[in-house]
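Colleague: I would like to learn how to read a few features of a model like this one. Could you take me through them, giving the general idea and then the case at hand?

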Amino acid sequence: MAVTHPALKKENVAVITGAASGIGLAAAREFARMGLSVVLADLEGDRLSDACREVAALHEDGETDVVAIGTDVSRPDEVAALERAVLQRFGRVHVLMNNAGISPGSSIFGPQSNWDSTFAVNLLGVIHGTQTFGPAMIAHGEPALIINTGSKQGITTPPGNPAYNVAKAGVKAFTEALQHELRNTPNCRVSAHLLIPGFVFTSLTKGDRTEKPAGAWTPEQTVEFMLTSLERGDFYILCPDNDVDRATDERRMLWAIGDIIENRPPLSRWHPDFAEASKEFISKR
């Protein structure tokens with residue numbers, strides 16, 4: 001697909017975390033097809049090596065312009081080492097996609113280790129990546145993008161996995177603050193964007209399923225939508241899927257913020273006294 005965003009041009013450099021699978025790998029493939037140099041960052045292992053070979057095969061100079069660097073984004077020292085390696089090899093970064101994520105599951109009174117690991121990767125990984133790469137991206141003065149992967153669960157916060165919801169709500173708040181900071185930085189040509197996927201069939205969401213559910217999008221569809229949204233300059237990249245269109249998402253989000261405005265119980269969409277009212281509200285588009 002043709003993309004006109006000035007940061008996404010041939011020979012520019014993209015760094016993607018969580019690049020060994022899912023949305024991150026789909027983005028790496030697309031950036032390679034576009035001629036960008038691509039750095040795939042993920043946990044060291046066969047998945048990352050295989051992903052790098054796959055992406056390199058799509059790039060005309062894949063042997064030199066596509067690399068994999070094992071990185072644990074929960075560790076600031078490893079993210080700093082990633083940046084040093086990228087700058088030493090390519091000189092500068094034009095696209096940073098903080099996409100790494102995990103979902104070990106959680107409950108309010110469940111194991112603390114699940115909360116710690118979810119926060120460390122899903123929220124602190126985004127912060128570490130931004131704080132490490134951002135200053136040099138601003139300093140080089142060329143058009144650049146920081147894309148942080150959030151979630152609709154960080155906006156409507158449905159019951160079932162509170163640690164994930166809290167982390168993704170944090171990504172939303174952080175990325176909003178980041179864009180405010182960037183647009184108020186003199187001569188800054190870096191913009192931030194919040195990717196909000198719908199139901200995407202990835203290793204994070206598939207569970208025991210071996211085939212994509214009809215309602216889910218593929219990672220490739222999500223990346224295509226992301227690129228189109230970046231062309232428009234969208235900050236909130238709110239992705240639909242095959243089951244939920246944008247109008248439904250908007251009504252769900254309006255109902256969620258209405259809990260505060262109307263002084264309803266929290267998560268009233270799932271409260272027996274408000275479940276029918278919420279369904280009726282959401283159905284009106």
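Modeller: Gladly, and let us begin with helix packing. Axes are lines fitted to C-alpha atoms, for helices over the stretch in contact, and angles run from 0 to 180 degrees between N-to-C directions. Helices (H or I, at least four residues) and strands (E, at least two) are DSSP runs, numbered from the N terminus. This is a predicted model, in which local features need pLDDT of at least 70 and side-chain atom pairs count only at pLDDT 80 or more, while totals for chains, interfaces and linings use all residues. Residues are numbered from 1 along each chain as its sequence is written, and side-chain values use heavy atoms, with hydrogens and water left out.

Colleague: At what angle do helix H1 and H2 pack?

Modeller: Helix H1 (residues 22-33) packs against H2 at about 25°, and their axes are 9 Å apart. That makes H1 roughly parallel to H2, since angles under 35 degrees count as roughly parallel, over 145 as roughly antiparallel, 65 to 115 as roughly perpendicular and the rest as oblique.

Colleague: Is the crossing of H1 and H2 left-handed or right-handed?

Modeller: A crossing is left-handed if the near helix is turned anticlockwise from the far one by less than a right angle, and right-handed if clockwise. H1 passes H2 in a right-handed crossing. For helix H4 (residues 76-90) and helix H5 (residues 112-139), the angle is about 30° and the axes are 9 Å apart, so H4 and H5 are roughly parallel. H4 passes H5 in a right-handed crossing.

Colleague: Which residues make the nonpolar surface patch?

Modeller: Like charges are joined within 9 Å, nonpolar side chains (Val, Leu, Ile, Met, Phe, Trp, Tyr) within 5 Å. Areas come from the Shrake-Rupley method with a 1.4 Å probe; for residues, only the protein chains shown count as cover. Here, Leu254, Ile257, Ile260 and Ile261 make a patch of about 430 Å². Leu254 sits in helix H9 (residues 246-261).

Colleague: Is Leu254 buried, exposed or partly exposed?

Modeller: Buried means under 20% relative accessible area, exposed over 50%, partly exposed in between (1.4 Å probe, protein chains only). Leu254 has 45%, so Leu254 is partly exposed.

Colleague: Which phi does Glu11 have?

Modeller: Glu11 has a positive phi of about 80° although it is not a glycine. Glu11 lies in the segment before strand E1 (13-17) and, at 61% relative accessibility, counts as exposed.

How values were computed:
Patches are made of residues with over 30% relative accessible area and no salt bridge: like charges are joined within 9 Å, nonpolar side chains (Val, Leu, Ile, Met, Phe, Trp, Tyr) within 5 Å. A salt bridge is a side-chain nitrogen of Lys or Arg within 4 Å of a carboxyl oxygen of Asp or Glu.
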